[in-house]
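Trainee: I have a chain to go through with you. Can we take it by question and answer?

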Amino acid sequence: MPPSCSRPPWPCLPARPELAEYIVVGRVRRAHGVRGAWAVESLSGAPDVMLASGALLFAGDREGNLAPDAAAQPLHVEDGRPMNKEWLVRVTEVTDRDIADSWRGRYLLADAATLPEADDDEIYVGDLIGMRVEVEGRGLVGHVRDVYDAPQGYILEVETATGRPLVPWNDDLVLSVDESAGTIVFAPLDGLFD
């Protein structure tokens, strides 16, 4: 039975290796420099491994699906290192700033077999996308559409019948996470999901 998060804190790691072939490890934010490097937002709990020199990455979408043009084109990381709150990543296949800039907003994937198993009190960020969102005492209110890594912590974009509120991921609001049921239960908070 897959681990279920039932107590805070819930550290987020990147997609469930046993269900996904590829997992999301980062998102290209912008080109950096003239040699084709990227400033990458890490979506991995281990960016020092997933975005490091020698890593193999692929282009894909936020659900972990390979981009149609990426199946035969792995990206070989030449250099990967922390830079402020992002990672500076340079791959062999991208050689100039114009090409690097065309990657803005694209997701970087890694082979799920390269990930460690999540601990019992951890969950991968990619697993949050698509999960049912419930409010204690109200039931289902929507589904997680996206996850953003903000300075104050992860923020979930929840697709509801009335819009897409941004919901902070913190100990006060997240009551439980059940990976096997694909459900996150939030504490009631007036106006949050209305």
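This is a predicted model: local features need pLDDT of at least 70, side-chain atom pairs count only at pLDDT 80 or more; totals for chains, interfaces and linings use all residues.

Mentor: Residues are numbered from 1 along each chain as its sequence is written, and side-chain values use heavy atoms, without hydrogens and water.

Trainee: How many helices and strands does the protein chain have?

Mentor: Both are DSSP runs, numbered from the N terminus: helices are H or I with at least four residues, strands are E with at least two. On that basis the protein chain has three helices and 14 strands.

Trainee: What share of the 194 residues is buried?

Mentor: Buried means under 20% relative accessible area, exposed over 50%, partly exposed in between (1.4 Å probe, protein chains only). For the 194 residues of the protein chain, the buried share is 49%.

Trainee: Is Glu41 buried or exposed?

Mentor: Glu41 sits in strand E3, residues 37-42. Contact means heavy atoms within 4.5 Å. Leaving out residues up to four places away in sequence, Glu41 touches Val25, Gly26, Arg27, Arg29 and Asp149. Its relative accessibility is 6%, so Glu41 counts as buried.

Trainee: What is the volume of the largest cavity?

Mentor: A cavity is a set of points on a 1 Å grid over the protein atoms alone where a 1.4 Å probe fits but cannot get out; lining residues have an atom within 4 Å of a point. Grid points are joined across faces, edges and corners, and the volume is the space filled by probe spheres set on the points. The structure holds one cavity of 30 Å³ or more. The largest cavity has a volume of about 60 Å³.

Trainee: Which elements give two or more residues to the lining of that cavity?

Mentor: The lining includes Val24, Arg27, Val125, Gly126, Asp146 and Val147. The elements giving two or more residues are strand E2 (22-32), helix H3 (125-128) and strand E10 (139-150).

Trainee: How many aromatic pairs are there, and what geometry do Tyr22 and Phe58 have?

Mentor: Rings of Phe, Tyr and Trp (its six-membered ring) pair if their centres lie within 6.5 Å; planes under 30 degrees apart are stacked, over 60 edge-to-face, the rest tilted. The count is three aromatic pairs. The centres of Tyr22 and Phe58 are 5.1 Å apart and their planes are at 65 degrees, so the pair is edge-to-face.

Trainee: How far apart in sequence are Trp38 and Trp103?

Mentor: Their pair is tilted, with 5.1 Å centre to centre and 45 degrees between the planes. Trp38 lies in strand E3 and Trp103 in the loop between helix H2 (97-101) and strand E7 (107-111), so the pair ties together parts separated by 65 residues.

Definitions and conventions. On a 1 Å grid over the protein atoms alone, a cavity is a set of points where a 1.4 Å probe fits but cannot get out, and a pocket is an open set with protein on both sides within 12 Å along at least five of seven lines; lining residues have an atom within 4 Å of a point.
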